[in-house]
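Me: Hi! Could you walk me through this model in plain words? I'd like to take it bit by bit.

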Amino acid sequence: MSWVARLLPTCQEMSKLLSDALDRRLPWHIRTRMFVHLRMCMLCKQYQHQLALLRRLLRLTNDSHSAGVQVLQAGLSDEAKERIRRALDSSHS
Amino acid sequence: MDEVVGPDSHRWIDEHGDYLYRFALVRVYDSNVAEDLVQDTFLAALQGTRRESGPTAERRWMVGIIKHKIVDHFRRMAKEPLRDDSRSDVPSADDDFLVDGHWKPAAADSRGWPDKPDTLLEQKQFWDALACCLDKLPPRTAQVFTLREMDEMDTEEICRLLHLTQTNLGVMLYRARKQLRNCLSTRYFGRTEEAVQS
């Protein structure tokens, strides 16, 4: 078993590879070693799941119907609105 | 002229102002900049003409404009000599691992993470925690992370836009994801009692 483990990425290396895999297609020999590691390692499997969940959640912030867009309760202040109103008025006067 | 254009643009401020402001704020993390971006968006909208009609089309049109404004803003910032977060050694991303490369037991704690995002969507507390965690990312890292994850820009485009190498970008995204995941684990999932106090 230990000789197999030596051929595989460590968890630390896996955490970087799992991130990279979200941005580009990795070479097949790396994907194969990741696959084997994930079959044996619950913690990396969980980490992979968490990254995927995070991505789905962040993309949902773009959906105007989701609560995600309300992430920040802040809105434009009245002063800011007034300033913008004046800027718009002066632009077409 | 004022009677025709004025009221319409004033209506925009009330109908889309807050939305666009929040849209910009989660991306630029600076309220002054976000306000300016909203103003620039309305000014650009005054110049342009919308192809579709209806209130949702108007919103989509404005979002399209502000997205460009935000990218322009990032491009301007990229020209300024900003600290390159990928080389900063502030919170080392390797603190989560033992010397042999295994997860530290505490770092791997994943209690409370759900299988699907559905349960989280309507929970304001979750989004607050997420906003707070995003806020803690180093500025440059937050910028690339936002472009990649919220705007779904591909990595080559981000590198070109911000003058980064693929390697640097990969490191920054890696750290951003790990830091966010750790922050959410602490602030929201599993350890809620502690999160309330912090």
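**A chat about the model**

Reply: Happy to! Let's start with B:Asp8, which sits in helix α1 (residues 2-28) of chain B. Keep in mind that this is a predicted model.

Me: Thanks. Is B:Asp8 buried or exposed, and why?
Reply: B:Asp8 is exposed, because 12 other C-beta atoms lie within 10 Å, and the cut-off for exposed is 12 or fewer.

Me: How far is the C-alpha of B:Asp8 from that of B:Leu46?
Reply: Their C-alpha atoms are separated by 9.4 Å, although the two residues are 38 apart along the chain.

Me: Let's switch to α2 of chain B. What is its reach from first C-alpha to last?
Reply: Helix α2 (residues 31-47) of chain B has 17 residues and spans 25 Å, close to the expected 24 Å.

Me: And which residues of α2(B) are buried?
Reply: Among them are the nonpolar B:Ala34, B:Leu37, B:Val38, B:Phe42 and B:Ala45. The buried set also includes B:Glu35 and B:Asp40, which count as charged.

Me: OK, new topic. How do α6(B) and α7(B) cross?
Reply: The axes of α6 (residues 139-149) and α7 (residues 155-162), both of chain B, come within 10 Å and cross at roughly 145°. The crossing is right-handed.

Me: Which residues make that contact?
Reply: From α6(B) they are B:Val144, B:Leu147 and B:Arg148, and from α7(B) they are B:Thr155, B:Ile158 and B:Leu162. By class, that gives 4 nonpolar, 1 polar and 1 charged residues.

Me: Now the two chains together. How many residues are in contact?
Reply: On chain A there are 45, in contact with 47 of chain B. Helices α2 (11-20), α4 (42-60) and α5 (78-91) of chain A each supply at least two residues to the side that touches chain B.

Me: Which one gives the most?
Reply: That's α4(A), with 12 residues.

Me: Where in chain B is confidence highest, and where lowest?
Reply: Helix α8 (residues 166-187) of chain B is highest, at a mean of 93, while α9 (residues 192-197) of chain B is lowest, at 44. Residues 1-5 of chain B also have a pLDDT below 50. Where pLDDT is low, the predicted coordinates should not be read in detail.

Terms used. Residues numbered from 1 in each chain as written. Chains lettered and ligands numbered in written order. Predicted model: local features only at pLDDT ≥ 70, side-chain atom pairs only at ≥ 80, totals over all residues. Axes fitted to C-alpha atoms, helices over the stretch in contact; angles between N-to-C directions. Helix = DSSP H or I, 4+ residues; strand = E, 2+ residues; numbered from the N terminus. Left-handed = near helix turned anticlockwise from the far one by under 90°. Contact = placed C-beta atoms within 7 Å. Expected span 1.5 Å × (residues − 1). Buried ≥ 20, exposed ≤ 12 C-beta atoms within 10 Å, placed from the backbone. pLDDT = per-residue confidence, 0-100.
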